[in-house]
Amino acid sequence: MMTILDTPALEAPAPGAVRTPAPAKGTRLVDLFEYGLDAPICLTWELTYACNLSCVHCLSSSGRRDPRELTTDEAKAVIDELERMQVFYVNIGGGEPTVRPDFFELVDYATAHHVGVKFSTNGVKLTPEVAERLARNDYLDIQISLDGATAEVNDYVRGPGSYDTAIRAMENLKNAGFANFKLSVVCTSPNIGQLDEFKAIADRYGAQLRLTRLRPSGRGADVWDELHPRPEQQRELYDWLVAHGSDVLTGDSFFHLSAFGDALPGLNLCGAGRVVCLIDPVGDVYACPFAIHEEFLAGNVRSEGGFQEVWQHSELFTRLRQPQSGGACASCQFFDTCKGGCMAAKFFTGLPLDGPDPECVQGFGETALTKIKEGKTETPRSHVDHSHRTERYSKSGKVTLTLGRRPGLAAKDLKPALSTEIAGDAVAFRPDLVTAMPVNDRQDDPLADFRPEGGRGGQ
Amino acid sequence: MEALDLDAGWDLHPQVSVRPEPFGALLYHFGTRKLSFLKDRTLLSVVQSLASAPTARAACASAGVPEAELQKYQRALGTLMQSSMLVERR
């Protein structure tokens, strides 16, 4: 029978609950959504590139504030537009969104204008007083980022002290009576073994656990090889999701794991430009939060027609809503649920978009990657990088240290100059790139630009 | 699942927002943060007529639901009732 109503929610619960047979092709939501919607269902909005942390896997290479950041008035105009388009809620992130001095003003403005807000934070600003205030807003949800169930594992990825900050924030939310906030974990090789502990932490603070996938986006590209879950860990993750069922959220981010067997619930669709998108701090609109690259840039909210024009008529989004070819994956028996996996994961590992995901559980991705590595092809790098000019510390040795990265200068431009095999080459070695950049702590402080009182820098 | 009473009056929950789409509509409940998809424009008409109709049966009739399909729409409305999208008018 054709269903006329469906309630999967984008934030799909993990499997384990009741499985119903898939409806006939053509009547499923996924088939309807492939052609796009008049407005996104939800939208990620990164309010600032400024961040007090330097997580090694940051998908948006955040750190320093961009001077072209949307002003308070511009941000409110975007909210007005989202209200007109009936975008029900936005996922606000960054950078660390709460370091914007107008953050709470914007949250209040959005919720007063029927745009619900869920924001992601490392917890730095969630004092007991702030938690009390947030708990009074019914249209608000909060997501605390934690990438290790122990300080050792978390701080390795997110930086010293970040575990304690997140735990303190969760304590404050709990004490303020903020029920059912989210504890959001990016799954990596060091933390796959901690899934039970994450669940216990979430339970302790009355939070809901949310697990999402590591992407090779932003600085994630630098640590992808080291941190992405190994093939046997993918299986462990899939089994855990199946066993733990309905109250663990996944953001629909693991549909490539469907090829292990049963399809995971959720849309099983790459929503990029069809049901989701990203607005970045300077108003650029990208197909998805994991795709900050010129290739996936659809337009800017500051241009004529605003966000609505970009969403409904941009050349890129129109193209993404065309039926996609399965390419090399089309003949795979799991293509109908896996859909070839994540566009961004393929793109930033150098794989063709119509081929297998780098983490294809059938192993086709690894084969394709090996071919690419043998060919020594350059993988694409984002043109957007707001990383702090002083890196926190070396993780894998693959993260280049204490380099001045000029805005617009991709890491790939720097790396050859430093790599051992070319370091002796007088032509290739350009010390000016390394030493001429001022390493200025004050400039690097994400809060440095946000001091309305006093004479300096305020918006 | 308890069937929705077609002879009672029903309203959308005050925290629910409806967004028409070419394929039907999206419903979002700001209280529960749940999303529902109406995959049929007729069901959207039914939902939109609820507030001004004395009963759910009357809302179905005004949206042009044929008698033979009434049960299907009753089931769909029942699902919306279960997820607190609809509340009975008292």
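Chain A has 18 helices and 10 strands, taken as DSSP runs numbered from the N terminus (H or I with at least four residues for helices, E with at least two for strands). This is a predicted model, where local features need pLDDT of at least 70, side-chain atom pairs count only at pLDDT 80 or more, and totals for chains, interfaces and linings use all residues. Residues are numbered from 1 along each chain as its sequence is written, with chains lettered from A and ligands numbered from 1 in the order in which they are written.

Q: What makes Ser61(A) count as buried?
A: Buried takes 20 or more other C-beta atoms within 10 Å of a residue's own, exposed takes 12 or fewer, and partly exposed is in between, with C-beta atoms placed from the backbone. Ser61(A) has 26 C-beta neighbours inside 10 Å, so buried it is. You'll find Ser61(A) in the loop between strand S2 (42-48) and helix H2 (72-84) of chain A. It's not a glycine, yet Ser61(A) has a positive phi of about 45°.

Q: Is His29(B) buried or exposed, and what makes it so?
A: Buried: His29(B) has 20 other C-beta atoms within 10 Å, and 20 or more is what the label asks for. His29(B) belongs to strand S3 (residues 24-29) of chain B.

Q: Which residues does His29(B) touch, leaving out those up to four places away in sequence?
A: They are His13(B), Gln15(B), Val16(B), Lys34(B), Ser84(B) and Met85(B); touching, or contact, needs C-beta atoms, placed from the backbone, within 7 Å.

Q: How do you know that the buried residues of H1(B) line one face?
A: In helix H1 (residues 41-49) of chain B, the buried ones are Leu43(B), Leu44(B), Val46(B) and Val47(B). Looking down the axis of H1(B), they fall within an arc of 160°, so they line one face of the helix. That arc is taken over the directions from the helix axis to the C-beta atoms.

Q: Why are H5(A) and H6(A) called roughly perpendicular?
A: Helix H5 (residues 151-158) and helix H6 (residues 162-175) of chain A pack at about 110°, with axes 8 Å apart. That makes H5(A) roughly perpendicular to H6(A), because the label covers 65 to 115 degrees (under 35 is roughly parallel, over 145 roughly antiparallel, the rest oblique). The contact involves Ala151(A), Asn154(A), Asp155(A) and Arg158(A) of H5(A), and Ser162(A), Tyr163(A) and Asp164(A) of H6(A).

Q: What makes S7 and S10 of chain A edge strands?
A: The open sheet has 9 strands in the order S7-S6-S5-S4-S3-S2-S8-S9-S10 (chain A), with mixed pairing. S7 (208-213) and S10 (297-300) each have a single partner strand, so one side of each is left without a neighbour in the sheet.

Q: How do you know that S6(A) and S7(A) pair?
A: Pairing takes at least two DSSP bridges, and 6 bridges join S6 (residues 182-187) of chain A to S7(A). The two strands run parallel. Within S7(A), Arg213(A) is the bridge partner of Cys187(A).

Methods: Axes fitted to C-alpha atoms, helices over the stretch in contact; angles between N-to-C directions. Contact = placed C-beta atoms within 7 Å.
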